[in-house]
Amino acid sequence: MSGRRLLAVGRIVLALLVVAAVAWAIAGSWHDVRADLARVSLGGLAGASALALLALVLTLVGWRAMLADLGSPLPLGPASGVLFVGQLGKYLPGSVWTVLVQAEVASRLGVPRRRTAVVGLLSVLLSALAGLAVGVLALPTLLESGGGHVYLWLVLVLLIGLACLHPRVLNALIARALRLARREPLEHQLSGRAIAVTMTAFVLAWLALGLHVWVLVTDLGGGAGAAVTPAVLGYALAASVAMLAVVLPAGLGLRELLLVALLGGVLDRPAATAVVLLSRFIVTGADVVAALLGWGYARSHHLIAARREAAAAGASRLEK
């Protein structure tokens, strides 16, 4: 078995183990969790869903800003057809599938695949960095429960990441990565303005996602003030850490385990588990809705290649 195939199998096994651990934890208190799920109001579900969709719009703003700065400005319609369809690739292990799909669709709009791939990978990294920047404020809550050295490492990662946001540093890293991948350099460099717009949009997206958890927590009786840190800031921390665990599809399981621990101070464990389950359902549902809208636009404007053609193109690039 080749190293690449062995790594892929290892990722799948790890993902299954995490899912099994989450399922086991839920099964132990399913009766109470089910009761808490039934307590969530329709208003709470609607508000949380709207915030999850808002987060996707803000993500689109940041993604478009980078792509435009690199020489490929796209209107909202075509941009959504590229970004949101590709977003579903994050539910597979690793981030390469998202990038491959986005590059394929964007190429039909005249965007070089290399440019789309760079923006796609940068979006993952900068989004995780923005999540850590928001979630770092929840570190004291986690430090109270131990494991401080792990989270201090996250602070170090955040500081290094923020230093790399300087345009000279970031553009040098991009050029270096392209050379290592034996690809031609980009025609344009990212400006400080585009980086600032992208990071601002991503931070706002994380706050919107955190607020969707806060809405669910308060709907189940958690104190509005006490829930801000574990819900709004804690969600950003848990989800961004899960994003860094690229071996898991969309941070599957890891985000849930961390968030349940964070919410333990404002809700009992069954209620916290109910919030986490609903959050995963709402965020996944928002991704699917956005992808359907993007797919509808892309399909009607002939941006999506025939299934056989797209599969052949993807397989060819993977072999390279």
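**A walk through an all-helix chain**

Let's start where helix α6 (residues 113-135) meets α11: their axes come within 7 Å and cross at roughly 145°. Here axes are lines fitted to C-alpha atoms, for helices over the stretch in contact, and angles run from 0 to 180 degrees between N-to-C directions. Helices (H or I, at least four residues) and strands (E, at least two) are DSSP runs, numbered from the N terminus. This is a predicted model, with local features needing pLDDT of at least 70 and side-chain atom pairs pLDDT 80 or more, while totals for chains, interfaces and linings use all residues. Residues are numbered from 1 along each chain as its sequence is written, and side-chain values use heavy atoms, with hydrogens and water left out.

Back to that pair. On the α6 side the contact (heavy atoms within 4.5 Å) involves residues including Val 124, Ala 128, Gly 131 and Gly 135; on the α11 side, Leu 233, Ala 236, Leu 237 and Ser 240 are among them. As for α6 itself, 17 of its 23 residues are buried, so the rest of the structure largely encloses it. Buried means under 20% relative accessible area, exposed over 50%, and partly exposed in between, with a 1.4 Å probe and protein chains only. The end C-alpha atoms of α6 are 33 Å apart, in agreement with the 33 Å that its 23 residues should span at 1.5 Å a residue; the expected span is 1.5 Å times one less than the number of residues.

A search of the whole structure finds 1 aromatic pair. The ring centres of Trp 206 and Tyr 235 are 6.4 Å apart and their planes lie at 50°, so the pair is tilted. For the cut-offs, rings of Phe, Tyr and Trp (its six-membered ring) pair if their centres lie within 6.5 Å, and planes under 30 degrees apart count as stacked, over 60 as edge-to-face and the rest as tilted. This pair links distant parts of the chain, with Trp 206 in α10 (residues 192-219) and Tyr 235 in α11 (residues 228-244), 29 residues apart. Both Trp 206 and Tyr 235 are buried.

Two loops on either side of α10 are worth a stop. In the one between α10 and α11 sits Ala 227, buried at 0% relative accessibility. Leaving aside neighbours within four places in sequence, Ala 227 is in contact with Trp 214, Val 217, Val 232 and Val 266. In the loop between α9 (167-180) and α10 you'll find Arg 182, which has a positive phi of about 60° although it is not a glycine. Arg 182 is exposed, at 78% relative accessibility.

Further along, α12 (residues 254-263) and α13 (residues 269-300) pack at about 140°, with their axes 9 Å apart. They are therefore oblique to each other (under 35 degrees is roughly parallel, over 145 roughly antiparallel, 65 to 115 roughly perpendicular, and the rest oblique). This time the crossing is right-handed.

Stepping back, the chain has 14 helices and 0 strands. Of its 320 residues, 44% count as buried. Among contacts between residues at least 6 apart in sequence, 75% join residues at least 24 apart.

Definitions and conventions: A crossing is left-handed if the near helix is turned anticlockwise from the far one by less than a right angle, and right-handed if clockwise.
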